[in-house]
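Welcome! Here is a short tour of this structure, with a look at its ligand and at one of its pockets.

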Amino acid sequence: MDTPSRSSALFAEACRLIPGGVNSPVRAFRGVGGEPFFVDRARGAHIWDVDGKQYVDFVGTWGPAILGHAPQVVRDAIARTAERGVSFGIPNPLEVEMARTIVDWVPSVQKVRMVSSGTEATMSSIRLARGFTGRDKIVKFEGCYHGHVDSLLVKAGSGALTHGSPDSAGVPAALAALTLTVPFNDMDALRAVFAAHPREIAAVIVEPVPANAGLYLPRPGFHELLRALCTENGTVLIFDEVMTGFRLAKGGYQEVCGITPDLTALGKVIGGGLPVGAFGGRADIMSWLSPEGPVYQAGTLSGNPLALAAGLAQLREMERLDGWRQLEEIGAAFEAGVRRALKASGKDYNFRRIGSMFCLYFTSAEVHDLASAQSSDKASFARFFHACRERGVYFAPSQFEAGFLSLAHTEVDLGEVEKITSEALLGL
Ligand code: KE4
C-alpha cells in the first residue's frame, strides 16, 4: 500500500477536528471528488502542497491575490505595520487612508464602513437598506452568492450550489420568505417582481457580473433596467463587488458599465489576502449607520491596521503598474490559449471571460443564468480538473466557481497551461 501523502494524513486528522475537514466548504473537493491537498506555501502565480508538488494557481485565494501570492509590497507593509501593533480597537490613520482611497476610486461611494469579510459587507448593506427604507422585502438573483448571510442563502451560488444547499438549513422560513428571487438576465421577471410588490422592496442585491455559478455576463440593458426600477420604487440598489471590485477596473465593474448603485459591497482585493470587507455608498443612506443613525453594525477587528496596510499596499501597486491594463492583456493571452486548446481537442465547450475572471463551462449551450450554467457536464469538468491538477495546474474545484488571473501569471505559465489543458481536454 502506498504511503499516504502528507496531505492525505492531514486531511484525515482535519476531518476528525473540523466539519468536512475544511474551514470553508468549497475547499473540500466535494464538487470534483477526491481529497483536497494541503498547501505549504505560495508565491506569485504558484503554490506548493505539503508534499512538495508545484501548481500554477488560478484560484488566487478566491480573488485577493491580484498581484499574485504574497507580493513583496504586501509582505513589507505587513511587517512594517506590525512593528507598531497588530490591532487597536481604536481609530487609526490607516482607516482614514483606506476610506479616502475607496471614496476616491469608486465614484458611487461617498461614505464607507470597513468590516472583516465580504459576508459582513453584504449582511450590513441589507440591514442598512431595510433600516433606511423601513421595508422588509429584498430581491436577489438565483445562483448569485453574497456570503453566508441568512437572508441571502436563498437560491444561493458558490459552495451552497456545489453542495446542494442553495436554500440552507437553519434559515427560518419566515425570514427566507422575505427574500424574493429572480433569474439573472430575465428582464420580464424583474419587471414582474416589482409590479407584484410596488414600493415594498427595500433592496435589490446583485453580483453585477455573476461569478458564483461559474461566470456569465449581464445582457445589454439588464443593469439599466434594474437601476431604473430601483429608482422608480425607492429601492436601494446594492452592487456586490466583493469579487469584481478593484479587479475589473480601478473603480470596479460599476466603472465599466456606467451604472451607479446606491450601496456597494467590497472585499477580497482590498485586504491584500488579509481579512477585510467594506460597504459604502450614498451619504444619506450611510448616515443611518450607528453611531450616526439607528442601524447598528460593529466589529472588533473592523479597520484592522495589518489588513488595511496589506490592502492599501496592494491597491497602490495596482495603480502604480496600471495593473488593470496588464490584467486585460494577460486575460486575452490566456483566453487565446484556452480557445486553441478547445479547437485542438474538438470540444465546443463554452469559455467566458471578463478581464482577469473566467470560467470554462462543459456545455456547448450559451450560459446566461443559473439554469443554463447547470446544463454543464459536471462529471467531465471533474475529470478535467483532476487531469490538470495532476499535471500541476490548479483550477477552482467546482464548475460553479470563477477562475482568477493575476499580474504574476507569465507567458511561460500560460504556455505551459495551454499544453496541459489541451492534454486534459483530449483525454476526456
Ligand atoms: P467572504 O465572506 O467569503 O469574504 O465573502 C463572501 C462573498 C460575497 N460576495 C461575493 C460576490 C463573493 O464571491 C463572496 C465569496 N466568494 C467565495 C468564492 N465564490 C469565497 C470562497 C469560499 O466561500 O470559500
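The domain bounds used here come from an automatic or database domain assignment. The model is predicted. Domain 1 spans 6-70 + 322-426 and domain 2 spans 72-320; because both give residues to the shell around the ligand, the ligand lies between them.

**Around the ligand**

- The ligand is surrounded by 17 residues, and the closest are S24, T119, N212, D240 and E401.
- By type, this shell holds 5 nonpolar, 8 polar and 4 charged residues.

- The side chain of S24 has an N or O atom 2.6 Å from an oxygen atom of the ligand.
- For S158, an N or O atom in the side chain is 3.2 Å from a nitrogen atom of the ligand.
- K268 also places a polar side-chain atom 3.1 Å from a nitrogen atom of the ligand.
- On its own, the ligand has 550 Å² of accessible area, and the protein covers 87% of that.

**The second largest pocket**

- This pocket has a volume of about 400 Å³.
- It is lined by 30 residues, of which F334, V338, F358, F395 and V417 are the closest to its centre.

Definitions and conventions
Residues are numbered from 1 along each chain as its sequence is written. This is a predicted model: local features need pLDDT of at least 70, side-chain atom pairs count only at pLDDT 80 or more; totals for chains, interfaces and linings use all residues. Side-chain values use heavy atoms; hydrogens and water are left out. On a 1 Å grid over the protein atoms alone, a cavity is a set of points where a 1.4 Å probe fits but cannot get out, and a pocket is an open set with protein on both sides within 12 Å along at least five of seven lines; lining residues have an atom within 4 Å of a point. Grid points are joined across faces, edges and corners, and a volume is the space filled by probe spheres set on the points. A residue is near a molecule or strand if one of its heavy atoms lies within 4 Å of it. A polar contact is a pair of N or O atoms within 3.5 Å; within protein, one must be able to donate a hydrogen and the other to accept it, and residues adjacent in sequence count only if both atoms are side-chain atoms. Accessible areas come from the Shrake-Rupley method with a 1.4 Å probe; for residues, only the protein chains shown count as cover. Ala, Val, Leu, Ile, Met, Phe, Trp, Tyr, Cys and Pro count as nonpolar, Asp, Glu, Lys and Arg as charged, and the others, Gly among them, as polar.
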